[in-house]
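User: I am new to this structure and would like a guided look at it. Could you show it and then take my questions one at a time?

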Amino acid sequence: MKQSIYLLLSATLLIVGCGTTSKLNKAQAYKGMYEEKPLSVLIMPPINRSTNVDAKEYFHTTLNVPILNAGYYVIPPFLSMEILKRESAYDSELFIERPSLKIFNKIFGADIILFTKINKWDKSSLASRVTVEVEYILKSTHTGEILYSRKGTISYNTSVSTGNNFLLNIAASAINTAATKYVDVAKAANNYIFTDLPKGKYSPMFGLDKAEMAGLKVIKVRL
Amino acid sequence: MCIVAFAFYSCSTPKGLYSFDKYQQASYNYLKKADEKSINEIMVQYQKIITKQKGIRKVTPPGMFADYGFFLIQRGDLNKGKENLNKEILLYPESKIFIDRILKLIEK
């Protein structure tokens, strides 16, 4: 009964849709994800190629939440950062092109590794808009294959972030408006990209979303 | 039924498996500053996530007991820290490989 309700819900989702979709369903687009059924995800520090020096941290600290909410086990972010630093493995550039990532399975128990590349971070001075271009790549530690990859150019309106309350806005700007806003930019981009991720073991939709249409691999969106 | 489903899956703010309150902002502040204030701030967030879960699953999300334990250990509260690391393994057995490694490092 429960299963049939979920099936019905996902069928409804197909009709409702959430924006631009490809012509493939998730089972076709993310075949490896359904075959390997990864559980544990290790987040590597983002590779920052943008001109904003803080972009790495904006993204790094907001990647685990959408993946957790998709039903995966995410290896504790701060503990794993500590170990990566100790093992001199904190530079993702060293690993992103490596054919074998088995060592990460041995040390962290990770099934998949998330690499991110921040290519652009542009702030328009007139409209309070930030446009980021980011690539997300999930690689299997068992096979070294790419199981999920998306590249997004995401434009986000930062003026809506702190709400409309005048007093609250003043209070927020006294703390650090810029950092708060920019964490929101990264959050929005990460959330958007991972809406397409097949659901993991801890989600009630695990294994039931194969028929949903997959989003495009390269997307451009205004949020 | 469709309307119900739509409300459930609407693109705006669907309810997540877990709730995180201001954890992401606190994580950023800690990563950037690592001062006393930012550590206090993130500790408060872990306590909220652990004790006041409002997500669909109603359990502490993966990684939270472990990272909270890590902060406790850094503050010198070894026993409580280890206790939290063990809670992570109990709730999420897939973390055992990694957490056991951490526990061994602490014993050294």
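User: Which side chains meet in a salt bridge with N to O at 3.9 Å?
Analyst: Those of Lys32(B) and Glu57(A). A salt bridge here is a side-chain nitrogen of Lys or Arg within 4 Å of a carboxyl oxygen of Asp or Glu. The pair joins two chains, because Lys32(B) lies in helix α2 (residues 23–33) of chain B and Glu57(A) in helix α4 (residues 55–60) of chain A. Helices (H or I, at least four residues) and strands (E, at least two) are DSSP runs, numbered from the N terminus.

User: What should I know about the model and the numbering?
Analyst: This is a predicted model, in which local features need pLDDT of at least 70, side-chain atom pairs count only at pLDDT 80 or more, and totals for chains, interfaces and linings use all residues; side-chain values use heavy atoms, with hydrogens and water left out. Residues are numbered from 1 along each chain as its sequence is written, while chains are lettered from A and ligands numbered from 1 in the order in which they are written.

User: Back to that pair. Is Glu57(A) buried or exposed?
Analyst: Glu57(A) is buried, its relative accessible area being 18%. Lys32(B) counts as partly exposed at 38%. Buried means under 20% relative accessible area, exposed over 50%, and partly exposed in between (1.4 Å probe, protein chains only).

User: How many salt bridges are there over all chains?
Analyst: A search of the whole structure finds 13.

User: Which one has 3.1 Å from N to O?
Analyst: That is the salt bridge between the side chains of Asp21(B) and Lys48(B). The pair links distant parts of the chain, 27 residues apart: Asp21(B) is in the loop between α1 (2–9) and α2 of chain B, and Lys48(B) is in helix α3 (residues 36–51) of chain B. Asp21(B) counts as partly exposed at 45% relative accessibility, and Lys48(B) counts as partly exposed at 33%.

User: And what does Glu36(B) pair with?
Analyst: Glu36(B) forms a salt bridge with Arg75(B), where the closest N and O atoms are 3.2 Å apart. Glu36(B) lies in helix α3 of chain B and Arg75(B) in the loop between α4 (64–74) and α5 (78–91) of chain B, so the pair ties together parts that are 39 residues apart in sequence. Glu36(B) is exposed, with a relative accessible area of 54%, whereas Arg75(B) counts as partly exposed at 41%.

User: Which residues are joined into one network by salt bridges that share partners?
Analyst: Asp54(A), Glu57(A) and Lys32(B) are joined in this way.

User: New topic. How many helices and strands does chain B have?
Analyst: Chain B has six helices and zero strands. Buried residues make up 46% of its 108 residues. The accessible surface of chain B comes to about 6,000 Å², with 60% belonging to carbon and sulfur atoms. Accessible areas come from the Shrake-Rupley method with a 1.4 Å probe; for residues, only the protein chains shown count as cover.

User: What about chain A?
Analyst: Chain A contains eight helices and nine strands. Of its 223 residues, 54% count as buried. Its accessible surface is about 10,200 Å², of which carbon and sulfur atoms hold 57%.

User: Where is Ala179(A), and what does it touch?
Analyst: Ala179(A) sits in helix α8 (residues 166–194) of chain A and is buried, with a relative accessible area of 4%. Leaving aside residues up to four places away in sequence, Ala179(A) touches Tyr58(A), Gln25(B) and Tyr28(B). Contact means heavy atoms within 4.5 Å.

User: What does Asn119(A) touch?
Analyst: Not counting residues up to four places away in sequence, Asn119(A) touches Arg49(A), Ser50(A), Glu133(A), Glu135(A) and Lys151(A). Asn119(A) belongs to strand β5 (residues 112–123) of chain A and counts as buried at 19% relative accessibility.

User: Last one. Where is Lys106(A), and is it buried or exposed?
Analyst: Lys106(A) is in helix α7 (residues 102–108) of chain A and is exposed, with a relative accessible area of 59%.
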